[in-house]
Amino acid sequence: MKPAGVARRDFLFQAGSAVGAAWISAQWPAVVAAAQHAHEAVRSATPVNFQVLTPSQAREVEAIASQIIPTDELPGAREAGVVYFIDRALHTFAKDSLPTYEKGLAALNRASSTKYPGVKSFADASPEQQEILLTGFIQEHGPQSAGARGIGPNASGDFFGTIRMHTLLGFLVDPSGGGNRDYAGWKAIDRDPARSFSPPFGFYDKGYPGWQPTWPESEKK
Amino acid sequence: MNQPKVAYQPSDEVDFVIVGSGAAGGVLAKELSSNGFRVVVLEQGPYLKEAEFSHNEVEVFVQHQLTNNPKLQPTTFRKTPQDKAQVQPSVMYGRCVGGSSVHFTANFWRLHEIDFVEHSKVGDIPGAALADWPITYSELEPYYTKVEWEVGVSGLAGASPFDPPRSKPYPMAPLPVKGCGVIFERAARKLGYHPFPAPMAILSQPRPGRSACVNCGFCLGFGCEVGAKSSSLSAMIPVAEATGRCEIRPNCYVHQIPTDKNGRATGALYFDAKRNTHLQKAKAVIVCANGAETPRLLLLSASAQHPNGLANSSGIVGKHLMPNSAAIASGVFEEQLNDYKGFTVSRVFHDFYELEEKKVGFYGGGGLDARFGATPASFAMGGLPPGTPKWGKEFKKVLHQNYTRSMDIFCHATSLPVESNSFSLDPDVRDAWGLPALRMTYRDHPNDLKMMEWMAARAMEVLDAAGAKQKWHLPIQEQQFAVHLLGTCRMGKDPKSSVINADHRTHDVPNLFLCDGSSMVTSGRGQPTMTIQALAFRAADRITVLAKSGEIPG
């Protein structure tokens, strides 16, 4: 079939005047304002008191999260307020994981005082000791189930896998999701928090001359 | 668009009740209501508007805001009909007004001529039930064009030498190129391939009530806040509602199509949000519930009159599931791409669309696209090279380095139709409404596994030619999770070997029509939504003719 009379080459040139930058419509600022509002709401609602975790559990959770994403010249889990995100998770979308946390924290604390007599809990250990403790804990309790791609609730009772997933979510989720305080997580991955962008986006598309056909007409199958 | 919204009573016998508001349901709702018919669309999920969409990965990926929730609707999986199925998430589909077109990538490839006539071209393949479609590419071509202009598809006509003929250019220019697109294009050309700007159902120019893409980067998996993604929600449903003849009724879970003593469908029986049951009466029923839920609904509608399920005299409802074969290779580059900005895909090539079996040792074909679509937490969980530590200083360092320097090559390809690959009702597991759960039986045809290996190797060569610092591909293994839900109520001429005819009418029930991925006879090369919508526009024309000439007995 050869539909009525428009040569392929005509299409090329008709459509060839590429729009350079994306349009930003009039409604866009309103959307940004709404998102900003949600963000503020989350910030002001940041609990002083934890709702699910006891103060000592919260201290342990923060210590573990800080091992998963430590603070260096870039913000870590602590600066992103991951422990608040996890507390919120444990009474919202991750309610089912609470027993996993309770058991896991208790086990890790026991392991800590066994290995380092005098150390009362994981959080009491030095950062170097914590790294050794966590490495041992993961070895003993099996590798976390890291899904190939995407995110899923971890119902397997695998404590490290669960807290790792929650830490990464709390570190990197859009702040409207209750984590990533002051975009600390996005600073650590070099993500611009703006909500719209114009090309060029990076190094490789800078100076791109536009798409050009390279094949001769005769090459068409 | 100021028409007051219409609301019908379930007892009002409307002209059409449409089950599902996704890629196909949205198009049919718009077309049939525009043609003067009274239409009720019943949608399982909620009615979310653009302003309610967020960038929140927890809501979208963990809480299933836009998709089926495996906690409420568990699915089971087994490899072969001899196995007992185990509970495990096995499908994902959009469960909101607009269906999967709300969260999809928006790759919009047409099928090519070959996709409609593979059986004639290659004959029988052992272990597969390849069949020709009852329609050809040229019959569907005007509807592909209609899709492009009506929903809004950006692209460059004639840019791929492998493209099938078309009657009109795209309505708008391609989206801008991304870093991954430039890298891919240069490397692919070096290897002698023909990359071209990806046709995408995302606006590069604004349309009334809809913004052009603002490159926010929360695209795949998310609903578009500015209506730039050409979902049914943004492109079709508002037009349907504006006719004043179409009601979109969300939170309605259809679980049976009842029939009368003459074997005619009387409407759709559904649970409302409070789990009360209603029968929406209609002269005709159109099921567009996707390739998993459409066959499930037919099987759930079994009765004394239809013991094997409705419209299932052939026994093939639910069979020949084709999820498309896929392979993903990833690469890390020296400089920053920053491809977290923008939509997902900007370059594609179709040089492998029709591979020569003698050369490669398997049957099939596909296309490769260059993409980066991983949102931050998803990337941290699944986007780093194999062997990267899972936590600690080194993990954080790699995450920092790679998030802005990574890209993927996604290979999309054919799945052969295998009869035992299917959706059926699980005999033991029930969902939160007490209905039998969806059971998936699936094992890739060995041909398709070979093809995926081959495709992954080609993608690795492209990354190599592109000068990737590091590259890897996901292991090729048997699939146990389906997103493209195709072929499970295939169309055909023979009532013994197909469920619907070329008009999308079921062979068995004269006022019951099916239109969605289940209608497809072969899988195409991996981007089904464009074809599902072209089929829906065509079905709407056919159904309108039938209804106006009194050929749909109610």
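**Figure 1. Contacts and fold of chain A.** In chain A, 56% of the contacts with a separation of 6 or more join residues 24 or more positions apart. The model is predicted. Chain A holds eight helices and zero strands. Along the sequence its pattern reads α-α-α-α-α-α-α-α. Of its 221 residues, 38% count as buried.

Figure 2. H3(A) covers residues 55–68. H3(A) is mostly covered, with 10 of its 14 residues buried. Among the buried residues are Gln57(A), Glu60(A), Ile64(A) and Ile68(A). Which elements cover them? From chain A, the cover includes helix H4 (82–90), helix H5 (98–115), helix H6 (127–140) and helix H7 (159–172). Chain B takes part too, through helix H12 (392–402).

**Figure 3. Val61(A) within H3(A).** Val61(A) lies in helix H3 of chain A. Is Val61(A) buried or exposed? Val61(A) counts as buried because it has 27 C-beta neighbours inside 10 Å; the cut-off is 20 or more. Leaving aside residues up to four places away in sequence, Val61(A) touches Leu53(A), Val83(A) and Ile86(A). Val61(A) and Asp190(A) are 129 residues apart in sequence. In space, their C-alpha atoms are 25 Å apart.

**Figure 4. A four-stranded open sheet in chain B.** The strand order is S4-S3-S15-S14, and the pairing is mixed. Strand S4 (86–87) and strand S14 (422–430) stand at the edges; each has a single partner strand, so one side of each is left without a neighbour in the sheet. Helix H9 (residues 293–300) of chain B packs on this sheet. H9 touches S14 and strand S15 (436–441) of chain B, and its direction makes about 60° with that of S14(B). Strand S3 (residues 75–78) of chain B pairs with S4(B) in the antiparallel sense, over two bridges. Which residue of S4(B) stands opposite Phe77(B)? Gln86(B) does.

**Figure 5. A six-stranded open sheet in chain B.** Here the order is S5-S11-S12-S13-S10-S16, with antiparallel pairing. Strand S5 (196–197) and S16 of chain B stand at the edges, each with a single partner strand, so one side of each has no neighbour in the sheet. Strand S11 (residues 345–349) of chain B pairs with S12(B) over four bridges, in the antiparallel sense. Val348(B) stands opposite Asp369(B) in S12(B).

Figure 6. H13(B) runs over residues 446–465. At 1.5 Å a residue, its 20 residues should span 28 Å; the end C-alpha atoms are 29 Å apart, which agrees. H13(B) lies across S10, S12, S13 and S16 of chain B. The helix runs at about 20° to S10(B). Its buried residues include Met451(B), Met455(B), Ala459(B) and Val462(B). An α-helix has 3.6 residues a turn, so residues three or four places apart point the same way. The buried residues of H13(B) pack against several chain B elements, including helix H6 (179–190), helix H10 (357–360), strand S10 (325–332) and strand S13 (406–413). Gly467(B) follows H13(B) and has a positive phi, near 80°.

Technical notes. Residues are numbered from 1 along each chain as its sequence is written. Chains are lettered from A and ligands numbered from 1 in the order in which they are written. This is a predicted model: local features need pLDDT of at least 70, side-chain atom pairs count only at pLDDT 80 or more; totals for chains, interfaces and linings use all residues. A residue is buried if 20 or more other C-beta atoms lie within 10 Å of its own, exposed if 12 or fewer, and partly exposed in between; C-beta atoms are placed from the backbone. Two residues are in contact if their C-beta atoms, placed from the backbone, lie within 7 Å. Two strands pair if DSSP finds at least two bridges between them. Axes are lines fitted to C-alpha atoms, for helices over the stretch in contact, and angles run from 0 to 180 degrees between N-to-C directions. The expected span of a helix is 1.5 Å times one less than its number of residues.
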